[in-house]
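Here's a quick briefing for anyone opening this structure for the first time. Take a look at the model, then read on for salt bridges and a sheet.

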Amino acid sequence: MAIETRIQKRQTIQNVAYAVICLILGLWGWYDYAVKIPAHEAAFQEFVAAEDTRTKLEKLALVTPLNAEQRVEFNQARELLEQKYKEKPAEPAVYDRAVQLWLYIVGCGVLGVPWFAFAQWNLSRNRYRLNDDGSFESGNNKISAEQLTGIDLSRWMAKSIAQVQTADGRKIDLDDYKYKGVEDIVAALDARFHPGEWTSDARPIGDP
C-alpha cells in the first residue's frame, strides 16, 4: 500500500496560531499608531497650553487687572486643568509611533501574517508519497524506483530529517517534525537501501 505524508497537526496549529498572533499585534499596533498615540499627544499639548495660559495670566494679574477676555481665557484654562486634567498626562515618547509602525504594523501585520500563511501553503504543496511500485513523489515531481539511489540517515536520529537521494544528484528532505507518515517512508526506504540495519519503525537495530 502506498505511503503518503500529511502535515503534522502541531505544525498547522503552530502556523495558524502565529499568523493569528501577528494579525492581532498588527491591528493593535495600527490602533495605537492611528488612534491612541495621537489622542495622547493631543491631550498633552492641550494640558501644556492650558498650563501656560494659566501661569501667564496669573503673573499678569499681579501687575494689572485682567480684562474680560483674559478672565474668560483664564477661567477656561483653570477649569480644564482642575476638571479634565487633575493629573498631568504623560507625554508620548518620540519613538512610540515608529515602534508601532515598524515593529507591529509592518513587522507583524504586513510581513508576519503572510509569512506564516505562506509557510502553511508551502507545507501543503510539498507532500510526499512512496508508491507500491517503489516510485517516489515529491510535490508535483515523480521519481521512478530506478532513479532512487539511496537515503541519507545521518541526521535522522538527531533531527528527524532524512534525505532521499536520486540519480541526478538531488537530495530531498523528509522532515518528520513537519509531516506525519515520514517515519513509514523512511522505514520502507531503509529496508530497501540498508537491509538489516534499521527496524520497521526507522530506528537503528540495536538502538536502545
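R155 is partly exposed, at 34% relative accessibility (partly exposed sits between buried, under 20% relative accessible area, and exposed, over 50%, with a 1.4 Å probe and protein chains only). This is a predicted model, where local features need pLDDT of at least 70, side-chain atom pairs count only at pLDDT 80 or more, and totals for chains, interfaces and linings use all residues. Residues are numbered from 1 along each chain as its sequence is written, and side-chain values use heavy atoms, leaving out hydrogens and water.

**Salt bridges**
- R155 forms a salt bridge with D173, with the closest N and O atoms 3.6 Å apart (a side-chain nitrogen of Lys or Arg within 4 Å of a carboxyl oxygen of Asp or Glu).
- D173 is partly exposed too, at 36%.
- D168 and R170 make another salt bridge, at 3.0 Å; D168 is exposed at 55%, while R170 is partly exposed at 34%.
- E4 and R129 also meet in a salt bridge, 3.2 Å from N to O.
- E4 sits in strand β1 and R129 in strand β3, so this pair ties together parts 125 residues apart in sequence (strands are DSSP runs of E, at least two residues, numbered from the N terminus).

**The sheet**
- Four strands form an open sheet in the order β1-β3-β4-β5, with antiparallel pairing (strands pair if DSSP finds at least two bridges between them).
- β1 (3-4) and β5 (141-143) stand at the edges with a single partner strand each, so one side of each has no neighbour in the sheet.
- I3 has L130 in β3 as its bridge partner.
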